Amino acid sequence: MSVTHVDVRRGAYHDSVTLLQVSRTVADVDGVEAAQVAMATELNVEVLGSMGFDVPEGAGANDLVVAVRAADDAGVAAGIAAAESALAARSATQSGGFGDAPAPRTTAAAVRAGDADIALISVPGRFAAAEALDAIATGASVMLFSDNVPVEDEVRLKDAAAAADVLVMGPDCGTAVVSGVALGFANVVGAGPIGMVAASGTGAQQVMCLLDAAGVGISHCLGVGGRDLKNAVGARSTRQALAALAADPSTTSVVVVSKPPDEEVLTDLEAYAGGLGLPVRWATLGAGRPDLTSAVEALLEAEGHEVPQWPAWVADGDPAAGSVEGSLRGLFCGGTLADDSMLLAADALGDIRSNIPLRDDLALGADLRDDGHLVIDFGDDGLTQGRAHPMIDPTLRMERIAAEASDPTCGVLLLDLVLGHGAHQDPAGELADAIREAKHTARDGGRHLPVVVSVTGTESDPQGLTRTAETLAAAGASVFLSNRDATRHALSFLGSAR
Amino acid sequence: MTASTSTAANGGAAPLRGLLSAESPTVATAGVGLFADALRGQAVTVVEADWQPPMPGTEGDLARVLADTRRAEANATAYARMVAAGAELCDVKQAKDALGLERGTFLHAGPPIEWERMSGPLKGALIGAVLFEGLADNAEEAEKALAAGQFAFEPCHHRDAVGPMAGVVSPSMWMYGLRDEVHDAWSWCSLNEGLGKVLRYGAYGPEVVDRLHWMTDVLGPILQRSVRATGPFDIRSILAQMLQMGDEGHNRNRAGSLMLLRELLPGMITAKASSDDIAQAVRFSGANEHFFLNLGMPACKLATMAAHGVPGSSLVTTMARNGTDFGIRVSGTGDAWFTGPANTPQGLFLGDYGPDDANPDIGDSAITETAGIGGFAMAAAPAIVKFVGGDVPFALRATQTMYEITFGEHPMYQVPILDFRGTPTGIDVVSVVRTGILPQINTGMAGRVAGTGQVGAGLVTPPAECFPAALAALGRAVPA
């Protein structure tokens, strides 16, 4: 008979990523059967309930719940002790010595305390605009990682930023590199003359990693948020970023990376870029426009560089080309990588259903299920409310990989994996286990399931591109640095591909 | 926006304030700790905010108030007025002359309250004041008349006055009159009765009433003659000096009291009165280490009055307690009080008294914190922890934490140990709601039972709900 402990600590706030790590630490304690340390948000209370923990009435989003189930009282006590020491370790970095000022409590106070150039804001989306507005008023540029920020707030922030001559990178901006400093999720790439403006996080990472593989470095990568090239925002940040890069002596040419933009915005932007006095190239996804890899190849040729053979690790023993029944199942953490693959796959397969569909009528229902070809972006706003980004918390995608393995309509699995600063420290190990498991499940069901992984990373990343690829390859996956090549390889198995 | 206008905007300097030419940008972070760790891993200088969500249920009101385009300028105006306000001791008068206080009307500390809901010390002080005014023959009669509604009650704050603890003022009591020449305003506060069994702590025994009579007959007239002959005296200047001498102006007034006495003595000694009376008045004033509190409070009241009534301003202009409710008023929301149940202070007790003997928070003296001294200047008064509890690092932290919820740093009131940084001044309701940090108040503790007097001193905060309520009112006041 196990022992369950639930306690609520009023007003003890920690961010969701920290609590995810704390929960994992507690769950790993000997004798602990299940553990969850989380803020009592609606979603978390539901999750806790499904784990068999009853959260007392009245607990709210500002209250911390510590829930532990263990074989006996000693296990519960060990679990609570582990939670407390993990939480204390987190706050120990904050407290100082005698007479030291307490840690600043708002972004603006932190900017003032450090005379900071940039404020990196990743608070829950509904609180993000206030923090960002303050930081702008204090004279700092803002990288707004937070998602679920209303578009009217985005416009308000960007107008305030333009008036203050600072830049808003975001919202929902995952990646930026300013003078070699990687903010959020970013890969370790060399310095060089290419400036990047990115209305896309993983798209920018794919481009900088391909450039790195070709031996070309970047000066800066300025994120602008995934909606910047939409009509509602009108490229406000992109224009500011382009003007700044045009005036930057270390930048000789610029590439703009974007999820599918609105046509009018892109047309205006092209005209604007034409007057800046340096070459501006486009990796802006969309039907009839080049994929990310092809855009990088064009850039390399135009700059006089050779296009290299993109790194690839192709699995042995997969089914012959065109021999697989069933559909494409693309399960992505990176939204732009999902778009890139979807555009390529649509050419070969026709309509693809998605939670970020190319056309409205291709939208998936809330259950994200369909027997046909589908691509899911697990990093989309709709799937990250109340939980961390899948590059930090891969739970949902892992569950879906297992579900696809036993689904006879799944013909091939296409996955992405993004390395670099901010990402999971050892993402390949977990994913390799899931792939091995999936292949095994499919084999039990009488299918041979090819798995293809697009890995966005560099050799200098903390996780290492080759090391990661070899771990995945050992699990039977084919691995590609180029998202285009990964997608094409996945499509090659399908009999339905034209 | 084009490149040319953007260049014009920054006078030809590098765009984005030189962001791209920074050798190694410094980063402030708020939110996911992992990102700060990743930056430290790259040897980047990081300042991490200890960010927490705002008080629950305030998102809509915060959005409305933050979008109020008047607010930035309104707060700057209110703050500028607060720190510019003068405070000179110009006169000493009886309340009936100073405030036009009618016989049968009594002022009290804190927000408005009816007899039934009053706490022990406030009831006790009113009983004492009724006796002192000769409106009843004994305490039972006084209480019966008070309960029967025979007298009128009004907050001191409604008459531009302030009173420590119970803050009860009756028409015959003498009051210090302070004037703010900059904004042409007066504020008034009663004379301090000393420590122990005193009216302001709810005691009403014969010794209390007798002392009040002596103050009325002897002390008041001598002080009036002294001030009229040798005043006015700049109270702000004493406040500025005492903060550099280990006082915080609320619960520690030792240096301030001596400096005040130094100013008043020549006029007291030469006042037309018997030498016995003068000696007694000087001895009484010099023996009281809170002698200055009743000057510091109206000085702070003048500062907050000056800041009051600026449309759109979210700065707090009153914090006051009546022993039952804690109430705040805000510059941009007029005369409305936002109240919640007063907390009971945590601290140190006199003699055999303990936590069960303490009444909830009481008094107008939180006007000192409202104006940027008292608990907000605790770092200037490390010795105070021996009186209110806590330790010296706590005192240093308390002041430094208050900068998170205040608009500015007082140009005159400075804290030597913080390198003469100005005290945190101008509490912003929005900052309180966003950070969840409540104003730190140093206070005396009254006995729960009427007639007891002081039982200790300690630390207290307002009830949190005052601030979301004020924020909601600010939200409603935003022009459509």
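**Inside the cavities**

Modeller: Start with helix α9 of chain B, residues 206–230. This helix supplies 3 residues to the lining of the largest cavity, the largest share from any element. Keep in mind that the model is predicted. The largest cavity has a volume of about 180 Å³. Its lining counts 16 residues. Nearest the centre lie B:Met173, B:Ser190, B:Leu191, B:Glu193 and B:Leu212. Sorted by class, the lining of this cavity splits into 9 nonpolar, 5 polar and 2 charged residues.

Now take the second largest cavity, with about 150 Å³ of space. Here 13 residues form the lining, and those closest to the centre are A:Pro390, A:Pro394, A:Arg397, A:Leu417 and A:Pro427. Three elements of chain A each give two or more residues to this lining: α13 (395–405), β17 (410–418) and α14 (427–444). Of these, α14(A) gives the most, with 3 residues.

Some context for chain A comes from the record. An unreviewed UniProt entry annotates residues 331–490 of chain A as "domain: ATP-citrate synthase/succinyl-CoA ligase C-terminal". In the model, that span is 41% helix and 16% strand.

The structure holds 6 cavities of 30 Å³ or more.

Terms used. Residues numbered from 1 in each chain as written. Chains lettered and ligands numbered in written order. Predicted model: local features only at pLDDT ≥ 70, side-chain atom pairs only at ≥ 80, totals over all residues. Heavy atoms only, no water. UniProt positions renumbered as here; feature names shortened; annotations may be inferred. Helix = DSSP H or I, 4+ residues; strand = E, 2+ residues; numbered from the N terminus. 1 Å grid on protein atoms, 1.4 Å probe; cavity = no way out; pocket = protein on both sides within 12 Å on 5 of 7 lines; lining within 4 Å. Points joined across faces, edges and corners; volume = space filled by probe spheres on them. Nonpolar A, V, L, I, M, F, W, Y, C, P; charged D, E, K, R; others polar.
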